[in-house]
Every structure is written in structure tokens, then in C-alpha cells.
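Subject: Structure handover

Hello,

I am passing this structure on to you.

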Amino acid sequence: MESLLEFIRIDMGSPGLATLVSNPKFAFIQLLNSVSMGMNFFIIAAGLSLIFGVLKVINFAHGAFYMFGAYIAYSVTETMGLSFFWGVIGSAVGLVLLSVVIERSLFRFVYDKEHLMQLLLTFALVLILGDVAKIIWGTDQYSVSYPASLSGATNLGIAYYPSYRLLLCILGPVIFLALWLFIERTRWGRITKAATQNREMLAALGINVPIIYTGVFVAGSALAGIGGALASPFNSPTPGMDAIIIVECFVIVIIGGLGSLWGTFVGALIYGFVFNFGSVIVPNGQDIFAFLILLVVLLIRPWGLFGRPETEGQ
Amino acid sequence: MLRLIRTTGPIVTILAALSIAQAAEVKIGTLYPITGGGAIYGSPAMIGHRMAIDELNSQGGILGMQVVSVERDTKLNPATAAAAAKEMITKDGVNVIIGGLSSAVGLAISEVAKQEKVIYIATIPKTIQMTTNRRHDYVFRTASHTDFEGDAIAQIAKQLGAQKICDIQLDYAYGHDLADGIERGLKRHLPDAKKVLDLRPKLRATDYNVFITQIMGAGCDVVTSGLWGPHFVDFAKQASPFGLFQQIKYITGGEIGSQEIAGAMGEDYPDNVWANSYELWYHHSTQEHKNFQEALAKRLDTIETPMWPVLALIGVRMYGAAAEKAGSLDAASISDALKGMSIDTPVGPRTIDPETHQADTGQFWGPMVKKEGVPYRVMDPITYIPAKIIE
């Protein structure tokens with residue numbers, strides 16, 4: 001581990017823009033920080049965007065699903081003693097079960113209702129799920145250990161970097177590609193895409209639209225659960241963690257375009273880059289750049305970089 | 001006329017009885033976060049608070065009156081806390097407000113106490129402002145404060161021979177005030193040390209990689225910090241793979257030595273951390289602590305008890321003793337009684353300074369080490385650093 005520090009220590013004093021420009025090693029590490037952060041957020045925000053894209057519901061409870069994913073990963077790994085892999089699987093399965101119940105018993109009744117009604121329902125869910133989590137896991141904070149093989153750092157030649165964060169850099173694009181291939185290259189994907197355009201026409205063609213809706217809601221929620229499980233080794237499962245992540249996810253999907261997979265992917269990367277490089281340039285103004293971009297996007301292109309403007313009839 | 005008397009008589013009697021019943025109890029307005037992120041500390045604090053209420057009532061209450069606790073959730077939000085404090089005073093008619101968690105919340109409650117002329121005893125908020133430039137007749141603190149904590153950090157930095165220091169604090173009142181407290185402490189104890197980096201992640205930050213890599217690049221030999229609770233857990237978990245704790249010593253306030261953190265992190269707790277705690281369940285500095293810890297353990301059905309209950313307990317005890325001394329529930333009289341008030345607590349005697357309204361609350365400090373057969377880190381050796389700043 002000694003060599004790790006030597007690799008990273010660059011004796012630069014207080015960093016800043018000049019350090020980023022003059023020190024490629026430092027800039028490279030910030031690049032990896034940006035990508036790993038962006039991919040962590042992408043995995044979570046992709047579900048939020050997917051659900052909005054098809055169901056047209058802005059799901060505030062998405063953060064609560066993320067929190068449940070983190071807590072389930074804790075229970076599976078630390079309480080039951082299974083490996084981290086099973087923790088992630090357990091979170092996905094847990095969220096599939098939870099979201100099926102929620103979609104069938106609550107969400108399906110508000111698809112045709114106005115947005116305010118939908119928002120109120122999802123907000124109520126935030127409060128209910130927060131209390132349910134408190135009943136199950138209490139108010140303590142927990143720590144989920146990194147998988148043993150990924151607890152150290154990997155030598156990338158230029159610098160060492162935490163292996164687990166590198167995994168996120170890989171997993172994000174893999175999940176993106178899998179979702180893209182499903183939507184663009186499979187029959188069910190095309191049907192799902194059609195559901196975003198005109199659900200009535202799809203029903204008229206004999207497609208079971210409610211099943212599509214349930215499937216999309218479950219898939220989106222499972223992504224939140226997987227995101228929570230993947231984040232749990234470096235974001236301790238605690239009460240209230242849902243409230244933090246949901247803001248960041250909304251910033252990402254609004255920048256990228258609600259309902260757009262590409263938009264969410266690019267939005268997450270933009271968020272990661274402006275947060276990390278912005279924090280070096282303006283150390284105590286970490287959020288300034290991300291929210292400035294959000295503001296500009298809302299003013300110039302309110303439907304987001306990759307979104308589509310809502311037209312009448314949609 | 002007779003009919004009027006017949007009709008109104010019972011109503012007047014009931015109202016009078018209700019008024020006597022109301023007067024026969026002391027209402028303590030209790031403010032802790034019991035939902036959301038702050039519940040980690042608010043919920044155990046509430047347990048200590050209720051223990052103290054039970055204790056008072058079993059001893060005959062305050063001035064012979066039963067003590068009741070009117071409890072509200074601050075959600076760790078200053079605006080929510082201020083609104084709740086106002087409501088408890090104006091609607092519920094509480095005699096005192098006790099609690100608060102986070103410096104921003106403490107300052108917000110203190111402003112309401114000042115306006116409404118109701119005593120507020122801050123049991124957890126540490127910002128120095130509360131007992132300096134924003135002190136008033138009705139605010140008192142039984143917690144430590146950021147200057148005591150900063151001075152203790154500087155003393156440890158001196159022991160460790162720190163030369164280049166990186167400081168990382170949360171970007172709100174507590175973090176800023178602790179940074180100032182450390183700065184002043186360093187001038188007293190280690191004037192030759194150089195601070196090479198100041199970082200301020202936001203409250204409830206989740207990703208610290210950008211700060212960790214800046215610390216590692218800055219060439220410091222000691223990190224001073226006040227990242228508390230989940231902030232520390234996340235920071236440590238993210239910094240460990242970078243090897244930060246292998247090479248750089250980490251001195252931290254924010255009660256990172258408490259059982260809540262050590263127990264939760266278990267094997268993940270990093271090396272080279274010097275931390276503090278108000279109370280340690282395994283360190284019986286007094287017989288009363290042993291009794292308190294056993295009672296708490298019984299109440300929680302656990303051996304390893306959390307640290308936060310004792311803080312809430314001390315606040316209630318302090319108020320009870322002051323009211324008895326004042327011989328009334330009048331806020332001005334109790335304010336006078338609190339000045340110079342001394343009580344015994346499970347962690348030793350506490351006296352409130354009549355000038356600053358600040359209790360002489362020191363803390364236990366020490367390195368967090370592994371012990372054979374113990375699945376979490378413990379503080380060893382334990383040093384009590386008293387609440388005393390020698391210029």
C-alpha cells in the first residue's frame with residue numbers, strides 16, 4: 001500500500017485549475033472519480049428515467065427503493081453472512097417483489113390521473129417506506145464491507161485506483177448497453193418503446209399494456225435496488241439516504257432528458273465531471289456547476305439534452 | 001340567574017380542575033430528529049431523555065410536580081425545529097426546551113427561546129456561537145463546544161508531531177466553527193504546524209473521492225476533521241482503498257470514538273484514527289456510570305450501549321436541579337439558577353459557567369485500536385481532556 005501513496009502523492013499543496021492542467025496524474029484520478037461517480041448515479045437514475053419514459057410517472061419513491069436496496073444488501077451480507085454478489089442479487093429480488101406489490105396495488109390506479117395526484121402518491125410512499133425501513137432496520141447506521149477481492153486498489157500504470165470504483169466504471173456502461181440492446185433490438189423492447197409513444201394504440205393492437213407497465217416499473221425499481229446495493233460499501237445504509245440520492249438523480253435526468261436512456265447516461269457523466277472537476281477548481285462550491293448546468297438546460301432546452309418536447313396528444 | 005349558575009357552575013369547576021391539573025405538571029419540550037438521517041442519534045438521545053424523566057418522576061418530579069415530555073421531530077432541519085419549538089411554547093405551554101441535534105438546529109431553537117423568553121438547554125449542538133456572540137439569557141449548553149473540541153484536536157496533533165495539516169469539515173456551522181477552533185488550538189499548541197489544505201464537503205455528502213485525492217496529493221501528515229456519523233463512515237470506506245489511513249494520521253471530533261460508529265463499522269474501521277466520545281460503555285470512570293450503563297443496557301437489551309443517551313439525560317437533570325434551586329418554573333429565575341449550577345452525571349460532575357452559560361464538558365480522546373476477541377475498535381488508551389483552554 002505504500003507505493004499507492006507514492007503514486008498519488010504529488011506534493012501539489014492546495015490544488016486548483018492549474019494543478020489539473022499541469023499534473024496529468026491528478027487530472028487522470030479526477031477523471032476516474034468523475035466516471036465512477038457518474039456510473040453509480042446512472043445505475044440508479046436509469047430506473048427513474050425508464051419509469052417516467054413509459055409510465056409518465058415522476059416517482060419520488062425511487063430514492064426509497066435505492067435505500068431498500070442498500071439495506072437488503074446489508075442484511076444479506078452482514079446478517080446472513082452471504083457474499084456481496086448475493087447481496088446485490090437479494091436487493092434486486094427484494095425490489096422486484098416490493099415493486100410488483102406497489103405497482104399492482106397503487107400505481108396502476110393513477111396512470112391516467114393528473115401529475116399532482118401521482119406526485120402525492122409517490123410522496124406518500126416515500127414517508128411510508130421510510131417508516132417501514134425504520135421498523136425493519138431501526139435507526140442505526142450500518143457498514144457493508146467491500147467484496148474481499150475488490151477492497152484494495154488496482155495499478156493502472158499512471159496511478160492506483162480503488163478496484164471497487166473501477167468495477168462501477170465498467171458496470172455502468174454494461175448496464176447501459178444491456179438496456180439499450182433490450183429496448184432497440186428485442187421485440188419486447190420495441191413494444192416498451194411503443195408504450196412511451198401511444199399506449200391506446202398499443203392496446204388496440206392486442207398488446208397487454210398493464211403487463212408492460214408492471215414490467216417497466218419492476219425493472220426500474222430493481223435498478224434502484226441494484227444501485228443501492230452497489231453503493232452500500234461506500235455509502236452506509238442509514239435512514240434518510242433516500243432523500244439525498246433522489247435530488248441528485250433528478251438533476252441528472254432533467255439535464256439528460258426525462259425518459260431518455262442516452263440522456264440519463266450522458267447526464268450522469270456530466271454530473272460526475274462537473275462535481276469532481278468543479279470541486280477541485282472551486283473547492284467549497286461543489287454543487288455550483290451541476291446546478292448551473294441544470295439551470296441553463298431548463299432555460300434553453302427544458303426537455304433535456306436528449307429528451308423530446310412533449311407534444312399535444314402525448 | 002339560578003339557571004345560569006347551575007349551567008356555568010360545573011363548567012367553571014371543570015375548567016378550574018383542569019387548570020390545577022395543568023399546573024401540577026412540568027412540561028419539557030423535547031426536540032430531537034427521530035426520522036430521516038438524524039434519527040441515528042436522535043432516537044438514542046430520546047431514550048436517555050426518557051430515562052431522565054422517569055428518574056425525576058420516581059424522585060417526586062420537579063417541585064413536587066410530575067414531569068411530562070412533549071416530543072417533536074426536528075428532522076434535522078433548522079426551520080422545522082424552530083417551528084416546532086414555537087408551537088410547543090405557544091400551544092403546548094412547555095416550561096423549557098431541551099435537546100437539538102446539529103449546530104444549525106441548535107441556533108434556530110435558541111433564537112425562538114430568546115424571543116419567547118423560555119429556557120433552552122442544548123444537549124448536543126456544539127457551535128461556539130451559541131455561547132459567545134449569539135448567547136442570551138435563556139440559552140445554556142450541556143454539550144461541549146467547537147473551541148474545546150478544536151483545542152483537544154490541536155493537543156493530539158502536537159503529541160503526534162504534526163507538521164503539515166489538512167483539514168476537512170462539513171460545510172455548515174459546526175464544521176466552520178470547529179475549523180476555527182482547531183486553528184486557534186494549533187496557534188496555542190503547535191504554532192509551527194502548517195495548514196496546507198481546507199476542504200468543506202457539504203452536509204450529507206455521499207461521495208468523498210474528490211476530497212480524498214486532494215488530501216493525498218497535498219502532502220499532509222495529519223488530517224483534522226469533524227466529519228460525524230455516516231459522513232465519517234462513508235469517508236473512511238472511500239478513503240481506505242486509496243491507502244489514506246496507512247500513511248496519514250486522522251484526528252477527528254464528531255464522536256467518532258463512540259460505540260455507534262465503532263460497532264457499526266466493525267472490521268471496516270480504519271487504522272490511525274484518534275477520536276473522541278462523551279461516554280464509552282466499557283469505561284466506568286465513576287460508580288454512577290456503571291449504574292447508568294447497566295440500566296441503559298437493560299432498557300435496550302444490549303451489552304454495548306450507545307453514547308447519545310447520556311447527553312440527553314444530563315440536559316434534563318440540569319433543568320430539574322435548576323428548577324428545584326430556583327423554587328419556581330419562572331424562566332428568569334431558572335436562568336439565574338442555571339448560572340453556576342453544578343450536578344453529578346454518569347460521566348462526572350458538570351458545572352455551568354455563569355458568564356458563558358457553557359458546561360465544563362470535556363471528552364474522552366484516544367486512538368481507536370483493535371483488541372483481541374473484540375469485533376470492533378475500542379479507544380485505548382483513554383484520556384479525558386477537560387473543557388479548559390489555557391491561552
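Predicted model: local features only at pLDDT ≥ 70, side-chain atom pairs only at ≥ 80, totals over all residues.

Residues are numbered from 1 along each chain as its sequence is written, chains are lettered from A and ligands numbered from 1 in the order in which they are written, and side-chain values use heavy atoms, with hydrogens and water left out.

Chains A and B

Chain A brings 54 residues to the contact and chain B brings 47 (contact means heavy atoms within 4.5 Å). About 3800 Å² is buried between the two chains, 53% of it on carbon and sulfur atoms; buried area is the accessible area (1.4 Å probe) that two parts lose on being put together, summed over both. There are 2 salt bridges between chain A and chain B (a side-chain nitrogen of Lys or Arg within 4 Å of a carboxyl oxygen of Asp or Glu). Lys202(B) and Asp287(A) are joined by a salt bridge at 3.0 Å, N to O.

Domains of chain B

Chain B splits into domain 1 (2-144 + 291-360) and domain 2 (147-277 + 364-385), with bounds from an automatic or database domain assignment. The C-alpha centres of the two domains are 31 Å apart. Their contact involves 23 residues of domain 1 and 22 residues of domain 2. About 1700 Å² is buried between these domains, and carbon and sulfur atoms give 62% of that. On the domain 1 side, Tyr41(B), Lys126(B) and Met307(B) lose the most area to domain 2, together 31% of what that side buries. The count of salt bridges between the domains is 2. Lys126(B) also forms a salt bridge with Glu149(B), at 2.6 Å, N to O.

Local details

In chain B, helix H8 (residues 229-239) is mostly covered, with 11 of its 11 residues buried. Helices (H or I, at least four residues) and strands (E, at least two) are DSSP runs, numbered from the N terminus. Buried means under 20% relative accessible area, exposed over 50%, and partly exposed in between (1.4 Å probe, protein chains only).

In chain A, Asn155(A) sits in strand E1 (residues 153-155). Asn155(A) counts as partly exposed because its relative accessibility is 40%. A polar atom of the Asn155(A) side chain lies 2.8 Å from the backbone nitrogen of Gly157(A).

Regards

Definitions and conventions
Polar contact = N/O pair within 3.5 Å; in protein donor to acceptor, adjacent residues only side chain to side chain.
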